Amino acid sequence: MSPKWFYDALGSKLFDAICDLPEYYPTRTEMKLFADHAPEMARRAGTGRVLIELGSGNGEKVRRLMAHLRPRAYVGVDISKEVLHSATAKLKDEYPQLSVYAVCSDFSSGFRAPAELPAAARLYFYPGSSIGNFTPEQAVALLKPLARPGDALLIGVDLIKDRQTLESAYDDALGVTAAFNLNLLARMNRELRADFDLSRFRHVARFDEGLSRIEMHLESTTEQSVCLDERKFSFAAGERLHTESSYKYSVEGFAALAARAGWTLAQRWTDERRRFAELLFEA
Ligand SMILES: C[S@@+](CC[C@H](N)C(=O)[O-])C[C@H]1O[C@@H](n2cnc3c(N)ncnc32)[C@H](O)[C@@H]1O
């Protein structure tokens, strides 16, 4: 299943809670990169651009860059309506002179910018290592149509690291990530009139080294059947729904992927432990 379905209103709140967990290093690490390097990032990326943020979520990250980037206009794109509207409203309050747009859409099936955007060069901002939710082929297909000469891309990429750090980031002791994963079943119950019994599924997160990706699954703990939209689905004990992949890259590996989509690496920023990278590309 595509991870995009995690993000209903509750799913977005659960994701925000994940970002505060001690095990979930990506958000803290990326925030620290902005705290340390925002002026340089803005200098290299260029000011006065149209700033388009993909999967903008609660908008906390772009708020670290805004004063440095001084964009001509800002467009937040997210599939999760409530979080998108509250984040863009907050930005508008803080920067009343800025043109702020909220585009609630699924950018994996093509992204359409508001027609009235200024004709300035664009800076795409795609933080959170969410690009890792796509297979490398899908990631190339997503990034390729954005690569127009003069445009730039500032993207967060989670780096390959030891299994234990990765697996505990996706399977925390408090069980918040488990709740985030199980909310998918609750959402199907709410929106598709399914009858999943959440107590009969368990959260599983494993790093597949060969594929360089974390996989999240929901595993049926018993033999059972579930009704969804008047169809019946049977699960054997141990059978799993694969709900998310999160690919991990080296900087060089991701730069090679981006090159296939028409993007050239211009600058990299990584933390001391080389856990996470913020990469600037030029089309
Ligand atoms: C992992 S969260 C990252 C949020 C924020 N950018 C950050 O770095 O903390 C992914 C965000 O992308 C949004 N999203 C996921 N798939 C999407 C899609 N296909 N189209 C639009 N938004 C999507 C989710 O609603 C969520 O807000």
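**Close-up views of a predicted model**

View 1. The side chains of Arg-163 and Glu-167 form a salt bridge with an N to O distance of 2.9 Å; a salt bridge is a side-chain nitrogen of Lys or Arg within 4 Å of a carboxyl oxygen of Asp or Glu. The two residues belong to helix H6 (residues 163-169) and stand four residues apart, about one turn of the helix. Helices (H or I, at least four residues) and strands (E, at least two) are DSSP runs, numbered from the N terminus. By the salt-bridge rule, the count comes to 19. The model is predicted, local features need pLDDT of at least 70, and side-chain atom pairs count only at pLDDT 80 or more, while totals for chains, interfaces and linings use all residues. Residues are numbered from 1 along each chain as its sequence is written, and side-chain values use heavy atoms, with hydrogens and water left out.

**View 2. The surroundings of the ligand.** The ligand is surrounded by 16 residues, of which the closest are Gly-55, Lys-61, Asp-78, Asp-106 and Phe-107; a residue is near if one of its heavy atoms lies within 4 Å. This shell divides into five nonpolar, seven polar and four charged residues. Ala, Val, Leu, Ile, Met, Phe, Trp, Tyr, Cys and Pro count as nonpolar, Asp, Glu, Lys and Arg as charged, and the others, Gly among them, as polar.

**View 3. Backbone atoms facing the ligand.** A polar backbone atom of Gly-55 is 2.6 Å from a nitrogen atom of the ligand. For Phe-107, a backbone N or O atom lies 3.0 Å from a ligand nitrogen atom. An oxygen atom of the ligand lies 3.5 Å from a backbone N or O atom of Gly-128. Of the 600 Å² of accessible area that the ligand has on its own, the protein covers 93% (Shrake-Rupley method, 1.4 Å probe).

**View 4. The largest cavity.** The structure holds one cavity of 30 Å³ or more; on a 1 Å grid over the protein atoms alone, a cavity is a set of points where a 1.4 Å probe fits but cannot get out, and lining residues have an atom within 4 Å of a point. Its lining includes Ser-56, Tyr-74 and Leu-91. Helix H4 gives the most to this lining, with four residues. By class, the lining has five nonpolar, five polar and no charged residues.

**View 5. The second largest pocket.** This pocket holds about 210 Å³ of space, a volume being the space filled by probe spheres set on grid points joined across faces, edges and corners. A pocket is an open set with protein on both sides within 12 Å along at least five of seven lines. Helix H2 (residues 25-45) gives the most to the lining, with seven residues.

Conventions:
A polar contact is a pair of N or O atoms within 3.5 Å; within protein, one must be able to donate a hydrogen and the other to accept it, and residues adjacent in sequence count only if both atoms are side-chain atoms.
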